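Please look over the sequence and the structure shown below, and then work through the questions and answers that follow.

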Amino acid sequence: MHDSPDQQQTAGSQQDILLPRAPLLLSGLRFSVWISPDGESERIANSEAAGRITLEPPVVCHGKAIAHRLGVDPFPCYDVLELIAFTHPATSCTPTPRGLAAFLGAPEPTSIEQATLLNLHTAEAMLRELAARGSHFDPHAAEAARNMMAGGWLWGSAVLAALGAEEIYTPNPHPSKALRVWERLEEWQETPPEVPQGHASVQPEEARQKLASLLGEGSEQRLQQADFTSAVSQAFAPRQIAGEPNLVLAEAGTGVGKTLGYIAPASLWAQKNEAPIWLSTYTRNLQTQIDGELDRLYPEPWKKKKKVVIRKGRENYLCLLNLEEAVSALTARPQDAIAVGLMSRWAAHSRNGDMVGGDFPGWLAELVGRPRTLGLTDRRGECIYAACPHYSRCFIERNIRKARKAEIVVANHALVLMQAAMGGGRDEGALPTHYVFDEGHHLFDAADSAFSAHLSAVESQELRRWLAGAETTSRNTSRARGLKKRIEELVATDTKTAEHVEDILYAARCLTGDGWGNRMIDAQPEGPMERFLLQVREQVYARNGENSSPYSLEAETHPVNPELLNAAKELKESLKDLLEPVLRLRKRLDQRLDEEAAEMESETRRKIESTCRTLDQRALGQLEAWISMLKALEEETPEDFTDWLSVERISNRDSDVGLHRHWVDPMRPFAGTLLSQAHGVVVTSATLTDGNISTEPRTATDDEISPDLQQADQADGDEWLREWIGAEQRSGAVYLPNSPIRARFPSPYNYEEQTKVLVVRDVRKDDLDQVAAAYRELFLASRGGALGLFTAISRLRAVHERIGDPLDRAGLTLYSQHIDGMDTSTLIDIFRAERDSCLLGTDAVRDGVDVPGESLRLIVFDRVPWPRPTIQHKARKARFGGNFYTDSQTRLKLKQAYGRLVRRASDRGVFVLLDPMMPTRLTNAFPPNVDIHRCGLAEAVGLTQEFLKPRSRQNPE
């Protein structure tokens, strides 16, 4: 029971606290728990709960998830997550009962009624903490709460009472100082140029000693981890010949400890040579893990803050100019006050302004809306750099400068490749000379994205908005003000600059405009770009014959329909007409830097330099690529590229139309831009090679390393070397004149004893009723802790619809990507915290999940994850060895999925594939000695139940 009178007093704090007299609510798939303000607990149907919440706001955890479950969105509520975000900005907790318990340091709830009461306990704890701190500890909290109350924040009265502040209601408050957080952020300062880095090497023995010191006395000494450290240390020797980096390809099975294994020599090199080492990953999850491991290297927080920098693309960080405009808009949009208030609280306490995988709670965007949270990042390339009034406080610019002086930079593949493609830059400084690429099996995909070009409706529309500004005032954008508005001071002071800008705006009318989708359907295009895209759409649909298909469609470019070719020629000339004034403007700005050098103010110089940079990034390169692609329609696609046409579809509607160009082998430009300028590179992963992980660790000797992989394959018949062919192709090593060092270290785990692999042979994978029944029975057999993987979102949705209710009846909660309205990281956090829950997902879950312990004990894959038979895959299949390439791609996906099961020595798990057509040749995706058991569903259910029967819970971890 809980007792929450209107003015309940809580003793033991410096200030009385007020808890709202409101019911508590926890909703499941089938029913809800409702606890009245007088403490009466009821289990009611969700339909009844949906009616009650419209009459009195309840206290809940994650109101948006409940709204989705009850079918009532929005509804007023006291969401304890909002109170957590206010009281503990830049701190997250898992938005579930167990997550709240862990956040409070309370025992886990043993019943759903106890779980419901956690909402009250959390609210009381947060208000107590505010009361204990008082307004002197946080002088801006009360003022922020008042602003949020004007937007309808229900917690406002309780928060102000806890802070001992007076309630002051202002219908349309002037944006207060509490929200103007940018005024309180410390300015960064330009630093002197970096000293030239040294070229001292890291010897294997000293790397092993560094590893031992990181592990600490009494830690388990793993020989494989030390050997791994020795192997990768060879990348940190001086480069002997320009264009020939010291490249180490190191495969390390799960449990080897590769993160600390490469941190040891990497940190030594950075300290010796006074230069940063860049550690790059593919997923945000691993960036966070690496950051955590670096606590061993820098145990003092102040030192780590100085020595370690997390780097991501600009689109991941809060833009202070966007935040300022959101604050200024509150007089006209008071309903945004809650979101803007919580964003200001977070920005004032954030480590680095990172909103995607940093200290920004993933659920906050879901609670208060994406436009006023994630929408405040620079996702449209609108940054004006030095022309911004917040440039000297900008999170991104601060991070860039900190990275120059840091020892360890934890980045991601996308940012690293973008920097390499652009050759660094004035703000970024010189490119790093040494890299470690973890999750190296994803380098190919990252390069494929980085070095591609897309002439599409959406890309064209974005460029037009960037140049000309928003065409309508109804769009909920951040700063789509157009080039002329962004550089109005430069335009006003130079006639030639103004003329070139006007010419650009006139020529930009050839690009896609707002409302293009309806004009495509009506066959009423406006301008050369839309006429071209209409013909692209016609050719795609004509050659697919699937006009009603809910899926995206594509078609080859050749032979080209005559109408499409004519439209391409017209568009090519129009893009040249746009490119010409952009080039003239770029040249004129360079001239002004030279001609006005003596009298030009520093601020004007910075604005000109920023404008030149953005013109290069957002316009010149894109326009030149588009013109080249259109020219290929008249002739033929260069042999290094694949061009194709596509119509992207979402929910049976066209979402984009365009012409695409990708490298057949994106590792060629990767090698040319990054590897060739690097001095030392480590590429590591648990799944680099195509075949079995050897039972013995091994590093290639000098005699075995051959510059010609195919020759080594044919001459010696060395199976070990043959397994590295794919790894060298996917890492770009084949484009270097020197050969890499190859090293492989098997996992120390006993997969034969810890796992079971089952291939179910009597479930028809094209019958979704049978597939859903298989998932249901297997999830029930494992008693939760189950991850269901799918090769298509439509199949995931169909299974979710069929199994959610029966699992809920068995006490198992089902979560699903693409259905629950939460971002993937939040879903994984929930899955990790709720030990007996179930999760359905696609590739993003397969690659990003790291769930040790009993929370993940079963993986069910709906079918063999063959690559989609796209035009791009067809080209790569022809280039890389036909079916061998297809098998290699599939095998790596199976290895990655299976590798999620065992994350530490005590883990156990079952891997089930619901595909009777699983070929024997792919079974070497699994470790040697693991039995691949083909059986019927009934037997698979029995084996799963027996293998995962509960063990002693005395020490489940």
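## Salt bridges and a buried helix

In this predicted model, Asp 448 and Arg 876 bring their side chains together in a salt bridge, at 2.6 Å from N to O.

Q: Which helices hold Asp 448 and Arg 876, and how many residues apart are they?
A: The pair links distant parts of the chain, with Asp 448 placed in helix H18 (residues 443–450) and Arg 876 in helix H36 (residues 871–880).

Q: Is Arg 876 buried or exposed?
A: The cut-off needed here is that a residue counts as buried under 20% relative accessible area. Arg 876 has a relative accessibility of 6%, and therefore it counts as buried.

Q: How many residues apart are Glu 187 and Arg 393?
A: Glu 187 forms a salt bridge with Arg 393, and their closest N and O atoms are 3.3 Å apart. Glu 187 lies in the loop between helix H7 (156–163) and helix H8 (204–215), whereas Arg 393 lies in the loop between helix H15 (362–368) and helix H16 (395–405). The pair thus links distant parts of the chain, and the separation is 206 residues.

Q: What is the relative accessible area of Arg 208?
A: Arg 208 forms a salt bridge with Asp 227, with the closest N and O atoms 3.0 Å apart. The pair joins helix H8, which holds Arg 208, to helix H9 (residues 223–232), which holds Asp 227. Asp 227 counts as partly exposed at 24% relative accessibility, and Arg 208 is also partly exposed, with a relative accessible area of 23%.

Q: Which residues do salt bridges that share partners join into one network?
A: The structure holds 61 salt bridges. Among the residues they connect, salt bridges with shared partners join four into one network, namely Asp 291, Asp 295, Lys 304 and Arg 351.

Q: What covers the buried residues of H4?
A: Within helix H4 (residues 97–104), the buried residues are Arg 98, Gly 99, Leu 100 and Ala 101. What covers these buried residues includes helix H3 (80–87), helix H5 (112–137) and helix H34 (824–833).

Q: Which residue follows H4, and what is its phi?
A: Helix H4 spans residues 97–104. The residue that follows H4 is Gly 105, whose phi is positive, near 75 degrees.

How values were computed:
Residues are numbered from 1 along each chain as its sequence is written. This is a predicted model: local features need pLDDT of at least 70, side-chain atom pairs count only at pLDDT 80 or more; totals for chains, interfaces and linings use all residues. Side-chain values use heavy atoms; hydrogens and water are left out. Buried means under 20% relative accessible area, exposed over 50%, partly exposed in between (1.4 Å probe, protein chains only). Helices (H or I, at least four residues) and strands (E, at least two) are DSSP runs, numbered from the N terminus. Contact means heavy atoms within 4.5 Å.
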